[in-house]
Amino acid sequence: MYIAQQSKNGMRPNLGEISKAVNSPEAFSAKIMQKLAKHGVIKSRKGPSGGFFIALSSKTKPIDIVLAIDGDSIYNSCGLGLAECSESHPCPLHDEFVAIRGDLKKMLNNTEIMTLTGKLDSGFTFLKL
């Protein structure tokens, strides 16, 4: 979100700026940026005018970020973290978690990151206090 918002403003924040803006350790942020760039979610440019950015025409959705960082396990794994959980052998949360996963997947697939930056620009939402 921060990178998308900065990209809209013509900026390419570097790793230190991103870490500070989202209150995240730099080493952790570096790993996340690496994964996102590897999967094409964001782009990076080296040099004095370099940094991380996302194309203004990007149709990137939160699902793209989740898949790049965590894969699709959120859609397939057990809500309690059990190794075996299925319709025929459900955990106590199984039925409720199936419904929640469906709603989560729908939200992550139907929202574009660049659209969400409008909420940040308007001041209705925030990334950090």
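A nonpolar surface patch of about 250 Å² is formed by Leu-80, Leu-82 and Leu-93. Patches are built from residues with over 30% relative accessible area and no salt bridge, with like charges joined within 9 Å and nonpolar side chains (Val, Leu, Ile, Met, Phe, Trp, Tyr) joined within 5 Å. A salt bridge is a side-chain nitrogen of Lys or Arg within 4 Å of a carboxyl oxygen of Asp or Glu. The structure is a predicted model, in which local features need pLDDT of at least 70 and side-chain atom pairs count only at pLDDT 80 or more, whereas totals for chains, interfaces and linings use all residues. Residues are numbered from 1 along each chain as its sequence is written, and side-chain values use heavy atoms, with hydrogens and water left out.

Helices (H or I, at least four residues) and strands (E, at least two) are DSSP runs, numbered from the N terminus. Leu-82 is classed as partly exposed because its relative accessible area is 43%; buried means under 20%, exposed over 50%, and partly exposed in between (1.4 Å probe, protein chains only).

Helix H6 contains His-94. This residue counts as buried because its relative accessibility is 8%. The C-alpha atoms of His-94 and Leu-80 are separated by 8.5 Å, and the two residues are 14 apart along the chain. When residues up to four places away in sequence are not counted, His-94 touches Cys-85, Ser-86 and Glu-87, contact being defined as heavy atoms within 4.5 Å.

Asn-109 also belongs to helix H6, which covers residues 94-109. Asn-109 is partly exposed, because its relative accessibility is 28%. Apart from neighbours within four places in sequence, Asn-109 is in contact with Lys-61 and Ile-63. Lys-61 is 48 residues from Asn-109 in sequence, yet their C-alpha atoms are 6.2 Å apart in space.

Ile-63 is also one of the buried residues of helix H4 (residues 62-70), together with Pro-62, Val-66 and Ala-68. The cover over these H4 residues includes helix H3 (26-38), H5, H6 and helix H7 (113-122). Just after H4, Gly-71 adopts a positive phi of about 75°. A positive phi is also found in Asn-23, a residue other than glycine, with a value near 55°. Asn-23 lies in the loop between helix H2 (15-21) and H3, and it is exposed because its relative accessible area is 61%.

The protein chain as a whole has seven helices and two strands, arranged from the N terminus in the order α-α-α-β-β-α-α-α-α. Its C-alpha trace spans about 55 × 30 × 30 Å along the principal axes. Of its 129 residues, 30% are buried. Among contacts between residues at least 6 apart in sequence, 60% join residues at least 24 apart. The accessible surface comes to about 8500 Å², and carbon and sulfur atoms account for 56% of it. The chain carries 16 positive and 12 negative side chains, and the centres of the two sets are 12 Å apart. Lys and Arg count as positive and Asp and Glu as negative, while His and the chain ends are not counted; each charge is placed at NZ of Lys, CZ of Arg, CG of Asp or CD of Glu.

Methods
Accessible areas come from the Shrake-Rupley method with a 1.4 Å probe; for residues, only the protein chains shown count as cover.
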